[in-house]
Amino acid sequence: MSNNGHTAQELAERFALGLSGDGAARVLGVGTLARAEPGQLAFLANPKYRAQLAASRAGVVVMREDDAEGYPGTALIARDPYAAFAKISALFEPRPLREPGIHASAAIDPSADVSADAHIGPFVSIGARSRVEVGAIVGPGCVIGEDCVVGAGSELIARVTLVTRVRLGQRVLIHPGAVLGADGFGLAMEAGRWLKVPQLGGVVVGDDCEIGANTTIDRGAIEDTVLEEDVRLDNQIQIGHNVRIGAHSAMAGCSAAAGSAKIGRYCLIGGGAGVLGHLELCDKVVVTAMSLVTSSIREPGEYSSGTPLMDNRSWRKNAARFKQLDAIARRNPRSREDG
């Protein structure tokens, strides 16, 4: 991007948006509706922030058509202002230039296949029979084990570990500290001692997925752990062995899916939520933050569990009474009839 930025007219044409106001207004960056400066672009998507619009100093605001009625400033009109803002914001994101080539400190097995157009950073290790495809970026300190594939245009930012049999599709983005392909938690009890079950599968990640910092995805016991296309995982998530996550689903930070869980397409899993092993969630399920899914979900919709926050004294009283619910129900014939 040039230092001159983009005019509102240019942005409207580039992203197929409506325009009202001064098409020559120049955008040099982005900001929030409350704090943006005259040379910046902001957005209004949530109606509860509508009151901030009148006082906003933003040079251009992305909003819906009904919000733009009577607005005296320059507006870009979008059906989904947040999505439009995300696309425009990408124009102002500084991205370091990664020249193709292999850093002198990298250690690459002779049987590995690294594209001449890939970028291999310092102190990278690439194991036997692994492949790094055209345009891929493997950042500093990454470890790629045996029989792995880094798809075209994918980026491992730094200190990412692909342990073994991990296959990334195209344009996959993995943030620092993530570990893919570690052993699944497979154990069998024999004569009072744990016996480790070999984890012979791998991990398959579809095109356009993003995996957050310090997230871990275990390889399968026999078959693969699978993320379908355009799955988005936040930071510090645990995905157990043989989990399958459907396309376009997203999981927020510190959530987890236990082994062999199946999560459908277009699902949203809130922060700190958990899905127990061997359960199935159908498509378009929303699990709110800190919920625990203890049975399969067959119908789309929003699901929650847990006890609402309250002061500790009230919580202790309610927790004590919770233990008495069964006895109360047995003493009350009406409650048995209602059940």
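Here is a short walk through a few spots in this structure, which is a predicted model.

Let's start with strand S6, which spans residues 60–63. In a regular strand the side chains alternate between the two faces of the sheet. In S6, Val 60 and Val 62 sit on one side, while Val 61 and Met 63 sit on the other, and all of them are buried. In other words, both faces of S6 are covered.

S6 also has partners. Strand S5 (residues 40–43) pairs with S6 in the parallel sense, over 3 bridges. If you look for Phe 43, you'll find that its bridge partner in S6 is Val 62. Strand S7 (residues 74–77) runs parallel to S6 too, and 4 bridges join the two. There, Met 63 stands opposite Ile 77 of S7.

Stay with Phe 43 for a moment and turn to the aromatic rings. How many aromatic pairs does a search of the whole structure find? It finds 2. Phe 43 and Tyr 82 make a tilted pair, 5.3 Å centre to centre with 40 degrees between the planes. This pair links distant parts of the chain, since Phe 43 is in strand S5 and Tyr 82 is in helix H3 (residues 81–89), 39 residues apart. Phe 43 pairs with Phe 85 as well: the ring centres are 4.6 Å apart and the planes meet at 35 degrees, so this pair is tilted. Because Phe 85 lies in helix H3 and Phe 43 in strand S5, the pair ties together parts that are 42 residues apart in sequence. Put together, Phe 43, Tyr 82 and Phe 85 form one aromatic cluster. Are its members buried or exposed? Phe 85 counts as buried at 12% relative accessibility, Phe 43 is partly exposed at 24%, and Tyr 82 is exposed at 53%.

Now for the cysteines. The structure holds 0 disulfides. Take Cys 148: the closest cysteine sulfur, in Cys 142, is 12 Å from its own, so that's too far for a bond. Cys 148 is also buried, with a relative accessible area of 0%. Cys 209 is in no disulfide either, with the nearest cysteine sulfur, that of Cys 267, 14 Å away. Cys 209 is buried too, at 1% relative accessible area.

Last stop: Ala 128, in the loop between strand S12 (125–126) and strand S13 (131–132). Ala 128 is buried, with a relative accessible area of 11%. Leaving aside residues up to four places away in sequence, Ala 128 touches Asp 109, Ser 111, Gly 145, Glu 146 and Asp 147. Arg 265, 137 residues from Ala 128 along the chain, has its C-alpha atom 34 Å from that of Ala 128.

Terms used
Residues numbered from 1 in each chain as written. Predicted model: local features only at pLDDT ≥ 70, side-chain atom pairs only at ≥ 80, totals over all residues. Heavy atoms only, no water. Buried < 20%, exposed > 50% of the residue type's maximum accessible area, 1.4 Å probe, protein only. Pairing = 2+ DSSP bridges. Disulfide = S-S within 2.5 Å. Contact = heavy atoms within 4.5 Å. Phe/Tyr/Trp six-rings, centres within 6.5 Å; stacked < 30°, edge-to-face > 60°.
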